[in-house]
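Me: I am new to this structure and would like to understand the words used for it. Could we go through them together?

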Amino acid sequence: MRIFLDTANIDQIKQSVKRGVISGVTTNPTLMSREKPADYETAIKEICAIVPGPVSAEVVVEDAKSMIEQARNIATWAPNIAVKIPATPDGLETISILAKEGIKVNMTLCFSLNQAILGALAGATYVSPFVGRLDDIGHDGMQLVKDIVEIFKYYELATQVIAASIRHPQHCVVAAKSGAHIATVPYKVLQQMMHHPLTDIGVTRFLADWRRISPE
Ligand code: G3P
């Protein structure tokens, strides 16, 4: 499983790239608005230059005609752009046109197996089931990830599954066990994945023992 960072924050992206653990970034209008960029295009281009892999940038219009037009423009911003298109009927129309033009699409706001199948059939490169938001309303978000992975495998659909709306490290564990191709995680969760109290205790003890025998 690969890890993408779910953020538009440049420092967080730089830190994570430096550690060699992320191979992509996903943004959305909410994450972008938190960074208050002067200009959307410039902000996305900056991220694309830092990240060694796909960067998802979302359209911010609703109807198919406007989404197609905006997505075509976004796709020119950098070679590693994946345009995020919502899992709506207009979104599917948009995805099918963009896919034929060779534009990579991440179908976002996916909350059902049916939406995921339709996204794959329309030609999405990625589908993003939103795990945390399903958990929030009492559903089992990770079960959806498992179902999509199983069905895509069964029908040999090439679309990759991004477990999104990840809220805690256990989500990542289950995403990996479920065969998700990618989990896109907030920076806080990535930090939680890196740390283990026994590792910290172990390092402290090893260094203390070493200092006892090493010359001043
Ligand atoms: O990748 C999708 C993600 O940004 C949504 O997360 O926590 O707003 O449900 P959340």
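Predicted model: local features only at pLDDT ≥ 70, side-chain atom pairs only at ≥ 80, totals over all residues.

Reply: Residues are numbered from 1 along each chain as its sequence is written, and side-chain values use heavy atoms, with hydrogens and water left out.

Me: How many helices and strands are in the chain, and what makes a run of residues count as one?

Reply: The chain has eleven helices and eight strands; a helix is a DSSP run of H or I with at least four residues, a strand is a run of E with at least two, and both are numbered from the N terminus.

Me: Why is Ser 56 called buried?

Reply: Buried means under 20% relative accessible area, exposed means over 50%, and partly exposed lies in between, using a 1.4 Å probe and protein chains only. Ser 56, which sits in strand S3 (residues 55-58), has 2% relative accessibility and therefore counts as buried. In the chain of 216 residues, 44% are buried.

Me: What makes the pair Ser 56 and Asn 106 a polar contact?

Reply: A polar contact is a pair of N or O atoms within 3.5 Å; within protein, one must be able to donate a hydrogen and the other to accept it, and residues adjacent in sequence count only if both atoms are side-chain atoms. The side chains of Ser 56 and Asn 106 are joined at 3.1 Å, so the pair is a polar contact.

Me: Which residues does Ser 56 touch, and what does touching require?

Reply: Contact means heavy atoms within 4.5 Å. Not counting residues up to four places away in sequence, Ser 56 touches Val 25, Thr 26, Thr 27, Ala 82, Lys 84 and Asn 106.

Me: Is His 171 buried or exposed, and how do you know?

Reply: His 171, a residue of helix H9, has a relative accessible area of 5%, so His 171 is buried. Its side chain also makes a polar contact of 2.8 Å with the side chain of Asp 135.

Me: How do you know that the buried residues of H8 line one face of the helix?

Reply: In helix H8 (residues 141-154), the buried residues are Gly 141, Met 142, Leu 144, Val 145, Ile 148, Val 149 and Phe 152. Seen down the axis of H8, these buried residues fall within an arc of 155 degrees, so they line one face of the helix; the arc is that of the directions from the helix axis to the C-beta atoms. On the other side of H8, Glu 150 and Tyr 154 are exposed.

Me: What puts the buried residues of H3 on the same side?

Reply: The buried residues of helix H3 (residues 40-50) are Ala 43, Ile 44, Ile 47 and Cys 48. They cover an arc of only 135 degrees around the axis, and so they are on the same side of H3. Among the elements covering them are helix H1 (10-18) and strand S4 (81-86).

Definitions and conventions. Expected span 1.5 Å × (residues − 1).
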